[in-house]
Amino acid sequence: MGVWIGIAAALAAALTLAYLYIRPALGGKPSPESRERIRRSKQYRDGEFAYPLPTPMLSGWKDQVSILGEFLKGTPQAVPDRPLDVERYSPASAAERENAVRVTWFGHSAVLLELGDMTVFLDPMLGRAPSPVPMIGGQRFKGSSPVDLERLPRLDAVVLSHDHYDHLDYPTILRLKEKTGMFIVPLGVAAHLERWGVAREAIRECDWSEAVKLNGLTLTCAAARHFSGRGLLSRNSTLWCSWVIEGQGRRIFFSGDSGYGPHFREIGETYGPFDLTLMECGQYDRRWASIHMLPEETVQAHRDVRGGLLLPIHWGAFRLALHAWTDPVERLLRAASADGVAVCTPRIGETVTLGQGEPPATPWWR
């Protein structure tokens, strides 16, 4: 009997893996052209991408077991106790957009930038779960979807920081691909988009320090300290990055996902100062601090890149760590106050126009 149970379990596991493998949400494999560019990258060594410094994710199996147990046990206030009070995004008029820089945060790391008549969407994860199988992934917080994708203006570019499910969402891309002029992504990520029907000529892949110029905008791929992969066998097979965005006389830094590291100071010295930083703040734990900053490190990273106004992202939509859902922003505000750093905390879906009035700082989450 025990043998048959083992065989049945192995068969079930094999069928599950096969099902996952054929799901388009997992993405695709790089083209020969992309593979050649990957091999030439200074970030690619020993068959995978790597940050210049050692970047451990977990210290061992004991940590992994304890983390699983803590997730199953639950965390007090891990999710909101009521639907979030968000603002519904409305497209701006031509007069409102003229010579303006408008920033709208849609929760987690999804940010819409309207720079004059150019529109750029950063990491547009607007799906309901960051998982290849949504029914078993962590669900989006109730009320945290502030936009109907059909109401978005035509997008000049979708810009991606890496290929994790909470940043690159298959259902969202399917709905955006026909209204997006160009996809600008780190090395290797084009394969996923191509499998999902995005034309190769509409994709630009970048290595760190490479830039794309687009109708008056300059988008420069920059370093980050993280990892990548959408499947069991694809760890670090694609590059991850941050982005420097310049246009309309403004300079914006988008951190993507990153642990703290010397790259922030290097970015500040090379590309700073920045009018606005969109900085990761959330989904952290001391056991994986090399790949996700603690809130106090977020403030220091903002100072390192020579930032002006700080808008914390990577929180407010999903539970992907063990802290309370408001812990990121509360800790960041305390650290920022101690360091004299200006912080902007718009509601999800609320549009901020740089340089026009005081940026929103209402503690809407309390």
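Visitor: In this predicted model, which residues touch the most other members of the largest nonpolar core?
Guide: The model is predicted rather than experimental in origin, and local features are taken where pLDDT is at least 70. The largest nonpolar core holds 50 residues, and the two that touch the most other members are Trp 243 and Leu 278.

Visitor: How many residues make up the other core that lies apart from it?
Guide: Among the members of this other core are Leu 155, Leu 176, Val 185 and Leu 193. The core lies apart from the largest one, and its residues number 24.

Visitor: Is strand β4 largely enclosed or exposed, and how many of its residues are buried?
Guide: On one side of β4 stand Val 111, Leu 113 and Leu 115, and on the other Leu 112 and Glu 114, so that both faces are covered. In a regular strand the side chains alternate between the two faces of the sheet. Because every one of these residues falls under the 20% cut-off for relative accessible area, the strand is largely enclosed by the rest of the structure, the buried count being 5 of 5.

Visitor: In what sense do β3 and β4 pair, and what is the bridge partner of Trp 105?
Guide: Strand β3, residues 101-105, pairs with β4 in the antiparallel sense over 5 bridges. The hairpin of these strands has 5 residues between them, and in it Gly 107 takes a positive phi near 90°. Within this pairing, the bridge partner of Trp 105 in β4 is Val 111.

Visitor: Which residue in the turn between β4 and β5 has a positive phi?
Guide: β4 is also joined to β5, residues 118-122, by 5 bridges, and these strands run antiparallel, with Leu 112 standing opposite Phe 121 in β5. The hairpin they form has 2 residues between the strands, and the turn residue with a positive phi, of about 60°, is Gly 116.

Visitor: Is Arg 306 buried, partly exposed or exposed?
Guide: Arg 306 is found in the loop between α8 and β14, and its phi is positive, about 70°, although the residue is not a glycine. Since its relative accessibility of 42% lies between the cut-offs of 20% and 50%, Arg 306 counts as partly exposed.

Visitor: What is the relative accessible area of His 314?
Guide: His 314 is found in the loop between β14 and α9, and its phi, near 70°, is a positive value in a residue other than glycine. His 314 is buried, with a relative accessible area of 1%.

How values were computed. Residues are numbered from 1 along each chain as its sequence is written. This is a predicted model: local features need pLDDT of at least 70, side-chain atom pairs count only at pLDDT 80 or more; totals for chains, interfaces and linings use all residues. Side-chain values use heavy atoms; hydrogens and water are left out. A nonpolar core is a set of buried Ala, Val, Leu, Ile, Met, Phe, Trp, Tyr and Cys residues joined through side-chain atoms within 4.5 Å. Buried means under 20% relative accessible area, exposed over 50%, partly exposed in between (1.4 Å probe, protein chains only). Helices (H or I, at least four residues) and strands (E, at least two) are DSSP runs, numbered from the N terminus. Two strands pair if DSSP finds at least two bridges between them.
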